[in-house]
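This briefing concerns aromatic rings and their surroundings. Please consult the sequence and the structure shown below.

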Amino acid sequence: MTDLTLPLEAFALNARVNDFLLDRLTPEDLTLSDGRGGMTVAQLLSHMGASRGGWLLEMAPGFAASTLALTGGADPWSWHTTDPALIRAMLRAGDEAAVQAVQAHTASGTPFADPHGAGTFHTRPALFLTYMTVHDAGHRGQIMTLLRHAGAPPERLDELEDAWAVWRRPLSLPEETP
């Protein structure tokens with residue numbers, strides 16, 4: 001059986017980084033866009049959360065119910081909101097569903113479905129968690145760029161860059177005491 005310890009921990013740390021960012025964004029930040037037809041910050045964050053449900057609908061539909069409940073049954077790929085609490089709920093529901101799907105498919109040895117030949121991680125389900133972590137990191141980079149272009153002061157950008165510290169505090173190690 002595949003050891004999921006490291007991918008599960010990395011995915012949990014990714015969730016902490018997403019929370020770190022959400023905790024520090026203002027309502028005005030959520031409206032920022034590149035002014036050229038790109039997604040707003042709220043749309044990027046919505047996409048980050050809903051994409052888990054979109055992938056699960058394709059490859060493990062039985063695990064997509066929690067994300068579909070938040071979209072009202074709508075296609076996750078087109079869902080977005082400007083409500084930070086709903087964005088956070090979608091990220092958490094999507095994360096939980098992704099973990100459950102990976103654990104179930106890894107334990108059973110059953111590959112993810114690949115109905116459209118898109119290469120849905122059918123050989124190693126845990127790669128889905130890695131894919132979503134990299135996906136989120138790319139969009140967080142876009143968000144930082146939008147903030148920078150909107151004139152966020154260097155001190156604020158430095159504070160947001162502190163999200164890297166989350167990665168240096170593994171969940172599997174005991175907390176350091178001063």
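At 40% relative accessibility, Trp77 is partly exposed, a class lying between buried (under 20% relative accessible area) and exposed (over 50%), with a 1.4 Å probe and protein chains only. The model is predicted: local features need pLDDT of at least 70, side-chain atom pairs count only at pLDDT 80 or more, and totals for chains, interfaces and linings use all residues. Residues are numbered from 1 along each chain as its sequence is written, and side-chain values use heavy atoms, leaving out hydrogens and water.

**Aromatic pairs**
- Rings of Phe, Tyr and Trp (its six-membered ring) pair if their centres lie within 6.5 Å; planes under 30 degrees apart are stacked, over 60 edge-to-face, and the rest tilted.
- By this rule, there are three aromatic pairs.
- Trp55 and Trp77 form an edge-to-face pair, because their ring centres are 6.5 Å apart and their planes stand at 75 degrees.
- Trp55 and Tyr131 are also edge-to-face, with centres 5.6 Å apart and planes at 80 degrees.
- Ring pairs join Trp55, Trp77 and Tyr131 into a cluster.

- Trp55 belongs to helix H3 and Tyr131 to helix H6 (residues 127-149), so their pair ties together parts 76 residues apart in sequence; helices are DSSP runs (H or I, at least four residues) numbered from the N terminus.
- Trp55 is buried, at 15% relative accessible area.
- Tyr131 is partly exposed, at 35% relative accessibility.

**Charge over a ring**
- The charged end of Arg24 sits over the ring of Phe20, 3.6 Å from its centre.
- This term requires NZ of Lys or CZ of Arg within 6 Å of the ring centre and within 35 degrees of the ring normal.

Definitions and conventions: Helix = DSSP H or I, 4+ residues; strand = E, 2+ residues; numbered from the N terminus.
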